[in-house]
Amino acid sequence: MTYDTLIIGAGLSGLAAGVRLAYYEKKVCILERHTTIGGLNSFYRLRGHNHDVGLHAVTNWRPPGSKTGPLSKLLRQLRLKWEDFDLAPQFGSAVAFPDVRLRFTNDFVVLEQDVADKFPSQADGFRRFAAHLDELDLFDADPNEISARQVAGEFISDPLLVEMLFCPVLFYGSPTPNDCDVRQFAILFKALYREGFGRPRAGVRPILKALTRQYKSLGGELRLRAGVKRLLQDGQRITGVELDSGETIEAKNVLSSAGSAETANMLDGPNVDWPGGRPEPGVLSFVESISMMDCEPKDLGLNDTIVFFNDSPTFRYEPPTEPVDVCSGIVCVPNNYHYDRPLDDARVRMTALANSAYWFGLPEEDYVCEKAAWFERMADAACRFLATDFRPHATDLDLFTPRTITRFTGHTNGCVYGAPRKWRDGRTPLDNLYICGTDQGYLGIVGAMLSGVSIANAHLLRD
Amino acid sequence: MTRDDIRQVILDILERIAPDEDLSNITDDVPFREQLELDSMDFLDIVMELRKRYRVQIPEDDYEHLATMQGTVNYLEPKLKDVVK
Ligand SMILES: Cc1cc2nc3c(=O)[nH]c(=O)nc-3n(C[C@H](O)[C@H](O)[C@H](O)COP(=O)(O)OP(=O)(O)OC[C@H]3O[C@@H](n4cnc5c(N)ncnc54)[C@H](O)[C@@H]3O)c2cc1C
């Protein structure tokens with residue numbers, strides 16, 4: 001039997017692409033190497049608690065029933081309802097630098113006002129910058145990139161404000177150090193500041209469940225523990241895949257969410273001429289800690305949903321030489337959303353840039369104690385920007401590193417936002433091999449799903 | 001199918017694609033775009049839904065006929081006349 005499309009990876013992009021293909025009666029199978037779905041945004045259970053791998057915030061929040069914006073577009077395309085994701089809006093978030101703090105919520109006016117208060121001379125420039133970003137064609141597939149910093153500099157003259165605005169944006173989705181393509185920036189600017197953050201009460205599970213339920217009810221097949229070892233190549237075409245087990249499966253098309261370099265490595269045929277050279281994996285990765293708490297964080301004065309902090313006027317977003325960059329980071333309190341009832345447990349999450357090579361090279365016997373040591377340093381740094389040190393109330397800790405990310409998702413270097421070079425139209429040099437997800441270019445939870453949907457629509461539904 | 005049947009089919013499709021839209025007041029000779037929040041992805045979906053349900057193929061060059069309800073019904077009438085509802 002030959003499939004219309006085989007999808008590599010049951011992360012958010014692969015599942016969303018699968019829903020579209022199955023809905024239009026394509027014969028489709030998703031192949032996932034891991035034992036569960038979700039990829040970079042999966043979930044796990046540890047010492048009696050349910051954890052999300054990655055979910056701090058679902059970006060692009062809109063009030064249920066909204067007719068515009070990426071989230072509404074996505075729900076329509078997947079034939080899902082607002083209740084399926086059931087997003088509760090955030091309390092409010094902040095960008096914290098040594099002497100300035102900017103607040104933002106799901107109402108853009110709050111940020112505009114805060115910019116006007118803290119940077120009076122920049123208020124007009126900021127408004128014009130935001131308006132300019134609104135007018136850009138975000139889905140322009142032109143591979144030439146334009147520096148977002150350069151564009152920001154044309155509107156905003158105070159470098160501190162530029163750094164503060166870039167900090168959350170780069171942290172939540174830049175595949176490139178210190179700067180990113182202006183389209184990518186504009187997508188994230190809207191997703192974070194204009195629209196804002198929401199979270200399902202039960203974390204990422206309901207989102208993944210809604211996708212999987214929809215996919216299977218439409219006849220889509222999902223195979224776990226089915227890693228793709230090789231893409232079977234016949235000249236310019238892929239004829240199918242070979243799994244880790246040696247089994248081969250035939251397909252008319254293959255859509256890969258494994259990453260561009262990772263996908264290139266699966267090709268076994270004659271040399272493929274990748275425009276711009278063979279894809280290279282990205283290098284930016286993170287450590288993430290989850291501290292279980294014995295009380296609601298807000299009872300300790302931790303009232304923000306997410307705090308992006310940086311301890312100097314300049315924000316460095318690059319792989320650190322130290323194992324973890326403790327100059328900056330993200331603190332997320334998943335309890336701080338307007339749920340219909342409080343969560344059953346409480347936690348504080350922290351994220352910081354990490355040096356992948358260090359964590360990969362660490363001998364097994366040092367790994368656990370290095371994790372614990374770096375957690376303390378991260379927390380020391382973060383707590384300077386919080387109302388209080390939360391550690392006395394922490395009852396359990398889990399921390400994962402770039403090594404963990406690679407182990408569970410296959411992304412080289414534990415890379416979260418993919419390679420610097422994106423394949424925006426989803427095409428590769430091979431006729432029937434396509435790329436979606438992180439290396440296509442739309443990232444994050446909503447972005448990854450939109451990526452799967454867009455590439456499926458563009459190439460895999462029309463015949 | 002009669003013209004009324006076809007109109008109802010289009011309304012059903014729009015209801016599926018855009019469940020948050022109010023479809024009760026569609027004016028047949030005004031473009032959908034002016035009455036509903038539909039983008040190019042949604043238009044592709046109309047075409048795809050028609051193909052899925054009635055196996056009608058609509059070439060890309062003909063999409064312009066689908067701008068209004070009236071245009072869509074006119075365009076589909078000959079193609080769906082022998083289809084049983
Ligand atoms: C710590 C962390 C926090 C995050 N926080 C947020 C957040 O708060 N908000 C937000 O919007 N986004 C967040 N993200 C980003 C978001 O999770 C990702 O952008 C998104 O999940 C990417 O989805 P994807 O489908 O592109 O890739 P992936 O999820 O990586 O999907 C790829 C899948 O392919 C599988 N695979 C790889 N190779 C093979 C193979 N050879 N054969 C079979 N299967 C294979 C992998 O196992 C994986 O399941 C976070 C990510 C991390 C790591």
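Q: What do S3(A) and S4(A) form, and which residue in the turn has a positive phi?
A: S3(A) and S4(A) form a hairpin with two residues between them, and A:Arg47 in the turn has a positive phi of about 40°. The names come from DSSP runs numbered from the N terminus: strands are E runs of at least two residues, helices H or I runs of at least four.

A quick word on the model: it's predicted, local features need pLDDT of at least 70, side-chain atom pairs count only at pLDDT 80 or more, and totals for chains, interfaces and linings use all residues. Residues are numbered from 1 along each chain as written, chains are lettered from A and ligands numbered from 1 in the order written, and side-chain values use heavy atoms, leaving out hydrogens and water.

Q: How do you know that strand S3 and strand S4 of chain A are paired?
A: Pairing takes at least two DSSP bridges between two strands. Four bridges join S3 (residues 43-46) to S4 (residues 49-52), so these antiparallel strands count as a pair. Across the pair, A:Tyr44 stands opposite A:His51 in S4(A).

Q: Why is the meeting of B:Asp45 and A:Arg79 called a salt bridge?
A: The rule wants a side-chain nitrogen of Lys or Arg within 4 Å of a carboxyl oxygen of Asp or Glu. Here the N to O distance is 2.7 Å, so the pair passes. Across the interface of chain B and chain A, the rule finds eight salt bridges. Helix H1 (3-17) and helix H3 (40-54) of chain B each supply at least two residues of the side touching chain A. The largest share, eight residues, comes from H3(B).

Q: How much area is buried between domain 2 and domain 3 of chain A?
A: Buried area is the accessible area (1.4 Å probe) that two parts lose on being put together, summed over both. For these domains, taken from an automatic or database assignment, that's about 1200 Å², with carbon and sulfur atoms giving 70%. Between chain B and chain A, the area is about 1800 Å², and carbon and sulfur atoms give 44%.
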